[in-house]
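Welcome, and thanks for taking a look at this model.

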Amino acid sequence: MLNLENWFLGRYGGEIGERAAEHLLLVAIAMLVALALGLPLGILITRRPRLAAPILGLANGVQTIPSLAIFGFLLSVPLLGGVGKVPAIVALSLYALLPIIRNTYTGIMNVDPSIREAGRGMGMGDRQLLWQVEIPLALSVILAGVRVAAVISVGIATIAAAIGGGGLGVFIFRGISTVDNELLLAGAIPAAVLALAADRFLGGVEQFWQRRQRGEGGMTRAAWVQLGILGLLLGLGAMLLPQPQQATEREQIAIGSKNFTEQAILGEILAQQIEARTNLTVDRRFYLGGTFICHEAVKTGEIAGYVEYTGTAFTGVLNQPPIGDPQAVFQQVKQAYDEKFQLEVFPGLGFENTFALTIRREDAEKWSLSTLSEAARYASQWRAGFGSEFLNREDGYPGLAKTYGLKFAEAPQEMDLGLIYRALQQKQVDIVAGSSTDGAIAALNLVILQDDRQYFPPYEAVPIFNQEILRQYPQLSRAISQLSGRISAEEMQQMNLQIDQQSRPLAEVARQFLRAEGLLP
């Protein structure tokens with residue numbers, strides 16, 4: 001049974017408050033943008049009926065697009081795209097448009113024509129009729145649309161974490177990555193509370209206006225209580241938001257990571273090292289997604305740096321055929337990243353994290369399996385679960401299947417990396433492709449099948465940074481270089497285990513490692 005007091009307040013209370021305030025800020029800004037666009041458009045199509053079908057059709061079309069697809073599309077859009085809060089606000093604003101436009105249009109069009117005629121008979125022009133008659137009568141319908149838009153925005157804002165937008169989705173993505181239900185609840189419950197609070201507050205405003213229209217006075221006592229609660233939440237949120245530092249004292253850079261535990265730990269280690277050794281603060285944009293999202297983000301300077309793996313850079317980004325020489329791979333990646341992308345590849349952190357094809361120990365013992373060549377004989381009886389990158393990369397499943405002659409009982413199931421070990425343990429699949437440093441391998445007593453034909457290239461963990469940002473902050477290079485060779489594969493696996501199986505806070509695990517290495521007081 002969960003110890004809620006220890007969970008929410010003891011370990012993550014402060015961060016939950018910060019993320020909730022961040023979430024609320026994203027939604028508030030997006031709603032202001034949507035209102036600024038949606039209300040005029042809704043009024044426009046009441047005056048230009050021919051435009052109603054295309055404008056409402058376009059807004060409705062946006063609603064049919066999966067939210068994650070919208071966030072992904074915005075990654076490559078100039079000015080409004082990339083990673084961070086700006087594309088998140090753009091996406092939320094787009095999703096909020098339909099109910100605002102539609103209800104504005106419906107509310108105005110449903111005003112009794114006789115009332116309009118009476119207004120015109122009194123000498124009102126079109127503008128006076130709009131502001132003094134139509135909008136007041138349609139306001140309750142318009143507010144209902146705003147209410148729907150706000151609730152939708154609170155829910156969709158959780159996905160903003162996938163592109164570094166922050167908010168409560170950070171806990172949800174972290175919970176999926178670590179298969180931790182407590183972390184999932186730490187994001188889902190506050191998000192649900194915010195959605196309910198927004199719904200009740202805007203519902204109270206709607207009721208207030210309806211009472212005014214009926215001549216029944218102002219707000220009810222319940223509405224005042226709801227308003228007071230929301231004001232308290234907003235005040236607490238403002239207090240919990242990080243206070244900006246003066247630019248002359250501590251400027252800010254962003255550090256990113258991919259969407260699995262090890263990457264978040266490495267990102268936190270980089271962030272704490274930078275904050276301890278320079279006069280910079282770090283905006284942590286972890287769980288951004290796969291390789292290509294992080295690569296585009298560091299190229300454009302949306303993040304200053306992240307940790308990559310040389311084999312991934314060599315085959316996935318540079319599209320080179322896999323080779324087995326670690327030093328040759330490193331040198332070619334370093335040179336190509338410098339010339340093509342203006343990115344600096346730092347010396348390795350000290351460990352390699354290769355793909356690991358993993359099975360249950362009971363199966364390994366049943367068939368006496370230790371290598372991929374031996375396992376290939378039984379693959380036709382197995383179901384496989386692989387991440388999307390592994391299924392599509394040059395150094396992933398397609399080449400592996402050819403090298404070893406792998407033919408499974410059915411097409412491999414595409415799965416989130418945070419779920420593969422749970423699926424393997426629960427016998428939903430029989431073989432998964434994880435990472436050799438995953439803590440779950442030891443914790444669940446799984447067996448890694450040896451790559452006896454040496455198919456996989458070397459995957460040395462290396463920090464990659466934007467060269468322009470390094471020139472702007474030269475103190476960064478020295479801080480990052482101090483991490484060279486500091487992390488062994490065993491230490492990395494142990495840190496992964498502490499997050500995945502022991503549910504220790506990310507910052508605490510990274511801080512303990514840096515202190516053990518003498519890099520923090």
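## Ground rules

Contact means heavy atoms within 4.5 Å. The model is a predicted one, in which local features need pLDDT of at least 70 and side-chain atom pairs count only at pLDDT 80 or more, while totals for chains, interfaces and linings use all residues. Residues are numbered from 1 along each chain as its sequence is written, and side-chain values use heavy atoms, with hydrogens and water left out.

## Val 141 and its neighbours

Leaving aside residues up to four places away in sequence, Val 141 touches Asn 103 and Gly 107. Between Val 141 and Gly 107 lie 34 residues of sequence separation, yet their C-alpha atoms are 5.4 Å apart.

Val 141 belongs to helix α7 (residues 126-156); helices here are DSSP runs of H or I with at least four residues, strands are runs of E with at least two, and both are numbered from the N terminus. With a relative accessible area of 31%, Val 141 is partly exposed. On this scale buried means under 20%, exposed over 50% and partly exposed in between, using a 1.4 Å probe and protein chains only.

## Helix α4

In helix α4 (residues 67-74), the buried residues are Ser 67, Ile 70, Phe 71 and Leu 74. Viewed down the axis of α4, they fall within an arc of 95°, so they line one face of the helix; the arc is taken over the directions from the helix axis to the C-beta atoms. An α-helix has 3.6 residues a turn, so residues three or four places apart point the same way.

The buried residues of α4 pack against α5 (85-109) and α7. On the other side of α4, Leu 68 and Phe 73 are exposed.

## Strand β3

What about the cover on strand β3 (residues 305-309)? Five of its five residues are buried. Gly 305, Val 307 and Tyr 309 are on one side, with Tyr 306 and Glu 308 on the other. In a regular strand the side chains alternate between the two faces of the sheet.

β3 pairs with strand β10 (residues 461-466) in the antiparallel sense over five bridges, where pairing requires that DSSP finds at least two bridges. Gly 305 stands opposite Phe 465 in β10.

## The chain as a whole

The protein chain has 24 helices and ten strands, and 52% of its 521 residues are buried. Among its contacts with a separation of 6 or more, 76% join residues 24 or more positions apart.
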